[in-house]
Amino acid sequence: MTKTIRFGAAGIALFAAMGMSNAAFAQDAATATATAEVLDSLTLNNTAGLDFGTMIVDGLGSVSLAADGTLDCSAADIVCSGTAAVAAFDVTGTANQAVTINLPTGNIDLNHPDFTGASVGEHTIELNTFVSNAAGNEITLDGAGEGDFTVGGTINFDGSEVAGIYTGSFDVSVEYS
């Protein structure tokens with residue numbers, strides 16, 4: 001009886017040792033690195049407004065101002081004069097980083113200052129089709145973390161606009177690509 005108990009105790013000890021050694025080989029450890037890149041916050045400043053110049057409007061048509069400053073005033077019932085200028089923006093942030101330019105996608109109303117027209121069309125001009133001079137609306141900041149871009153657009157007339165200076169504003173934003 002004593003031999004049986006001793007043999008049984010030795011067997012339990014042997015199985016426990018085998019189980020422990022298997023557990024020791026089933027575990028391992030490794031070290032991983034962790035990184036985090038911090039970028040400077042972006043600052044966007046508007047340095048010039050969008051100006052289509054002066055127009056005589058006698059009917060339906062559009063005037064477009066490309067981001068390079070080229071004015072398309074080819075509508076038959078619209079005559080353009082004066083100096084047109086694109087909107088200009090400066091961006092600062094982290095050097096050599098790509099930045100995406102977000103332009104308005106809808107219509108922006110330019111309104112006559114006193115809404116003297118009898119209808120909305122008489123005192124409102126639509127501004128839309130915004131374009132930038134940046135390929136794919138993306139720029140890369142230089143080694144000093146600076147960049148700039150220009151924006152043009154298109155204004156649309158229905159021919160009923162009353163004389164006056166129409167104004168409005170539009171939002172442009174930037175974000176790291």
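A: In this predicted model, F170 touches L50, A87, F89, P104, I108, L127, F130 and V151, residues up to four places away in sequence being left out of the list. Contact here means heavy atoms within 4.5 Å. Residues are numbered from 1 along each chain as its sequence is written, and side-chain values rest on heavy atoms, without hydrogens or water. Local features need pLDDT of at least 70 and side-chain atom pairs count only at pLDDT 80 or more, whereas totals for chains, interfaces and linings use all residues.

F170 is also one of the residues that touch the most other members of the largest nonpolar core, together with I101, L127, I139, F149, V151 and I155. This core has 29 residues. A nonpolar core is a set of buried Ala, Val, Leu, Ile, Met, Phe, Trp, Tyr and Cys residues joined through side-chain atoms within 4.5 Å. Buried means under 20% relative accessible area, exposed means over 50%, and partly exposed lies in between (1.4 Å probe, protein chains only). At least two core residues come from each of β3 (61-65), β6 (87-92), β7 (98-102), β8 (108-111), β9 (124-132) and β11 (146-157). The strand that gives the most is β11, with four residues. Strands are DSSP runs of E of at least two residues, and helices are runs of H or I of at least four, numbered from the N terminus.

How do these strands pair, if pairing requires that DSSP finds at least two bridges between two strands? β11 is antiparallel to β9, over five bridges, and E126 stands opposite N156 in this pair. β11 is likewise antiparallel to β3, again over five bridges. β9 also runs antiparallel to β8, joined by four bridges, and I125 in β9 is the bridge partner of L110.

G153 is buried, with a relative accessible area of 2%. Neighbours within four places aside, its contacts are L50, F52, V63, S64, L65, L127, N128, T129 and F130. The C-alpha atom of G153 is 9.8 Å from that of D51, although the two residues are 102 apart along the chain.

C73 forms a disulfide with C80, the sulfur atoms being 2.0 Å apart; the criterion is a pair of cysteine sulfur atoms within 2.5 Å. The link is right-handed, with 85° about the S-S bond. C73 counts as partly exposed because its relative accessibility is 23%, and C80 counts as partly exposed at 22%.

How values were computed: Two strands pair if DSSP finds at least two bridges between them.
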